[in-house]
Structures are given as C-alpha cells and as structure tokens.
Amino acid sequence: MVVRCVHADAGGFRLWPVFSAAAMRRKLLEVLTCGGGGGSCRGRTSFRSPQPRAPSQSQPRPRSDRLAELLRAEPSECGDDEGEADAAARKSAALEELKVVVAALQDGEGDVNGGVSWRVEAATVVRRKAKDDAMAREMLAMLGAIPPLVAMLDQGGGGDELLAAALYALLNMGIGNDTNKAAIVQAGAVHKMLRIAEAASGALTGALVANFLCLSALDANKLIIGASGAAPFLVRAFEAAATEQVRHDALRALLNLSIAAANAPHLLSAGLAPSLIAAIGDMSASDRALAALCNVVAACPEGRRAVSRAPDAVPVLVDVLNWSDDAGCQEKAAYVLMVLAHRSYGDRAAMAEAGATSALLELTLVGTALAQKRASRILEILRADKGKQQVADASGVAATVSAPQERGVGGGGRCQEEAEEEAEGEACCMSHEKRAVRQLVQQSLQSNMRRIVRRARLPQDLAPPDGSLKALSSSSTSKSLPF
C-alpha cells in the first residue's frame, strides 16, 4: 500500500493511506453532514433523506401512478439521453398546462354567474387538446376534467356559447376512449343534455346529437340512453335536421340504440318505424335505415307490427330489390320481408300485389348467397300460401258440384246430367286457368331474362334479341321454378 508520512505534534509520524475517489466523496459527505472536520457525528442529528409529503386530504391526487406512466411513455424512440430528457421535459410541460386548464374548470364549478368567459376559454382548450391526442384525453380525465364540464351543462346563465363549449369538449373527450364515455354518462350528462334539448336549436342541436352518437357507441351506455327518453329527440332530429350531418348523426345514433333489443319499445313509441321506411329512398341513408329496421323487427313482435303498419312499407321494401345494386341493402330488405311474410297473411298478400315474386326470382339468380337464401325462403312461404288458397278454392268447387245431387228423389237423372255438365265446365275452366298460369310463368321468365341482361350491361350488339329470350323461356317449364 502506498503511504505518506505526516508529521505529528507529538513528535512522531503517522501513516495515512492515499484516499481513492470514492473514499474521498464519502469523507466529504461526512464532513458536510456533521458540520466539522474529521470528527465523529456523535451528539449531532444524523442526515436523513427528505421524505415525500403526504398528499392533502382536501386536494387528492387522481391516479398519480398512471400519470407517471404516461410521462415515462415515449412517443418516439430516442437514441440518446439528451433526447429522452427533452421528451420528458415536453411531457412535464404538457402535464403542467393540462393541470392549469383543469384547475380553471374546477375553480369555476358551481359558479353560475361569474367567470363565463374564462370558463368558455378553458373548455375550448380542453376541446382543442383532446381533439387529436389520445394521451391528452386520458390525462385530462385523470386530472378530473369531466365532472366540471358536465356541471357546466346546468349553467344556462352562460348562454349557448358556454353550453356549446362544454358539449364539444365532452365530445372530444369521449372519442376513441370507452372509459371516458362511461365516466361522462355516470356523471349525469345524459339527463342534462335532454334538458338542454327541450329548447335547443341550430348548432346546439348538432352538438347534442353528436354527443349522443359518441356515447351510444359504448354497449354499457345503450340501455341508459334508451331508457332516458332520448329516442324522441333523436327521431325529431332525424326527421327535421337542419343539415345533412346532423341527420346522419341522428340516424347512426338511432342505429346504435336499436342494437340493444330492450330499446325497441322506446324507439317504436317514438315513431321510428315510419321514419325509417320514409328514409329508404335516400341512397345515402338507405343502408343504415334498413339495418335499423332489421334490428327492430327481430327484437320483438311489436317491431314487426309497427313496420307492417307503416305506410307503403311492403312496396318500398320490394322496390329495394328492384333498383338497389348494393348487396347489403338487398340482403337487409329481404330479411325484413322474410320476417313479415313469415308472420302475416296481409303482408304476404301485399307482397304479391307489389310484384315481389319476379324480384325475388331475380334475386335467387343474381343475388349474394345470403340474399338468395332469404329470397328462396320468402318464395317458399308464398308458394305454400298459394297452395293453401288453391286447396280452399278446390274444396269450394267440390261443394258446388255435389250440392245438386242431393235434390229431390224424382229428379235424380236430371241432377246427374246437370252435375256432369257442371263438371265438364269446371274442367274447362281449370284448363283455362292452367293455360293462364303457364302464360304468366313465361312472361315472368322473359321479364327476368331482360333484367339479367340489363344487369350484365352487355353491349347492344352482344345482347340477345327478344325472340331468342322468348324461345328460351318457352322451352322452360314451371317445374324448374322455385315458385
């Protein structure tokens, strides 16, 4: 060991080892802690690291662990310590800014008359921060931004500007975040929005509809919103929307609510079925309107009856099979018609009157697999219904034929002759009916062939002439038809 000789006052020499760097740091720490040179620390207060201060009971720190994780999360990979330090500094600055915004919202909570302008400004900042930043939505929610925003919906003294700022801030807070959607509903936002809807108009109505669309996307919120009485407001907004955006948002919100079968009575009592039937003619809304109709008729018998009672419901649905080229629309319309035909003779008669047979025959040939299956099922139901009608007609003819044979005893020969004549007449009528049915089948085949050619969009020179179509249809028999 390397030693150094140091002269002492007593006249001798003492040996000291040469200190290493680590030993020197420990020595300096001891000196600074004890407040002296090389003496010991006996009788002095020992050095202790500062303990973290417990959070105050009046100001709880919401989910600080999760906030720390968000701060440590790296949005992009940093190659050196300096980049990591810069990212951490930026996140800390962003967190401090969000804390200031949330504190401004919380300070104004319950203040009805004062500070409207800066509360509007704070809500606007929340709206801007949460618009495109998923991390900001989560941080704002954990810092406690949702309750004061929901409380602002009760402060009507601030005017439409304050309400619109709070509504759009809540809308952006819920986008893409199911936890925030649930928290907004649990804070009581639904009933407060319905109170605003009683006198809302213009842009405020659009903000309310957009919020209901966002919140209804969560399955846990569907039943709460449906039972709250929001369906009449959404149906009115759908029927008389000021803009197409509001109309489509209302339809999408109603579609979300119709997914829950328990909401069907609320939707039907609000008059949803006639509104959906009327919207089928709009190409931009037909798919969602048909999807909502499928949910309603499948949910309960009242849904089927409500659709059946809607004006021109069956002809409109049959027309979808004729003019729509969208496979999804054809499948949904066929499903609704299948449910109606399965339960109601009046609906089956309306389908026959609307010319559903030819449209269904075409669908069995050129539709998707699901559409073909549903169209075939409808044709089977209509064929069975027609068979029952023919049996009933035949039994009525037999009754009229056998009745004259029970006349008086003296005229038995004449009654037999009259019965034979009537039987011959009935046979002749039946032959005429068969020819008429055969002619109708051939006409239906020709019509279907023309539609298939039009659907194929063949050039004029390649399209077969009408004569060949007629010959092809005349060579077919009714046995090859599904109906």
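The model is predicted, so local features require pLDDT of at least 70 and side-chain atom pairs pLDDT 80 or more, while totals for chains, interfaces and linings use all residues. Residues are numbered from 1 along each chain as its sequence is written, and side-chain values rest on heavy atoms, with hydrogens and water left out.

The protein contains 24 helices and two strands. The chain has 483 residues, of which 37% count as buried. Buried means under 20% relative accessible area, exposed over 50%, and partly exposed in between, with a 1.4 Å probe and protein chains only. Contact is defined by heavy atoms within 4.5 Å. Among contacts between residues at least 6 apart in sequence, 64% join residues at least 24 apart.

Helix 9 is largely enclosed by the rest of the structure, because seven of its nine residues are buried. The buried residues are A189, V190, K192, M193, L194, I196 and A197. Their cover includes helix 6 (146–151), helix 7 (159–174), helix 8 (178–186), helix 10, helix 11 (219–227) and helix 12.

One of these neighbours, helix 10, was examined in detail. Helix 9 (residues 189–197) and helix 10 (residues 203–216) pack at about 155°, and their axes lie 10 Å apart. Axes are lines fitted to C-alpha atoms, for helices over the stretch in contact, and angles run from 0 to 180 degrees between N-to-C directions. The two helices are therefore roughly antiparallel. That class covers angles over 145 degrees; under 35 is roughly parallel, 65 to 115 roughly perpendicular, and the rest oblique. The crossing of helix 9 with helix 10 is left-handed: the near helix is turned anticlockwise from the far one by less than a right angle.

On the helix 9 side, the contact is made by V190, M193, L194, I196 and A197; on the helix 10 side, by L204, L208, N211, F212 and L215. Nine of these residues are nonpolar, one is polar and none is charged. Ala, Val, Leu, Ile, Met, Phe, Trp, Tyr, Cys and Pro count as nonpolar, Asp, Glu, Lys and Arg as charged, and the others, Gly among them, as polar.

V190 is buried at 2% relative accessible area. Leaving aside residues up to four places away in sequence, V190 touches V185, F212, I225 and S228. The C-alpha atoms of V190 and L215 are 9.1 Å apart, across 25 residues of chain.

F212 also takes part in aromatic pairing. A search of the whole structure finds one aromatic pair. The ring centres of F212 and F233 are 6.0 Å apart and the planes meet at 55°, so the pair is tilted. Rings of Phe, Tyr and Trp (its six-membered ring) pair if their centres lie within 6.5 Å; planes under 30 degrees apart are stacked, over 60 edge-to-face, and the rest tilted. The pair joins F212 in helix 10 to F233 in helix 12 (residues 230–239), 21 residues apart. F212 is buried at 0% relative accessible area, and F233 is buried at 6%.

D249 lies in helix 13 (residues 244–258). D249 is buried, with 9% relative accessibility. Its contacts beyond four places in sequence are V209, A210 and L213.

D312 sits in the loop between helix 17 (301–309) and helix 18 (313–323). D312 is exposed, at 54% relative accessible area. Its phi is near 55°, a positive value in a residue other than glycine.

Methods:
Helix = DSSP H or I, 4+ residues; strand = E, 2+ residues; numbered from the N terminus.
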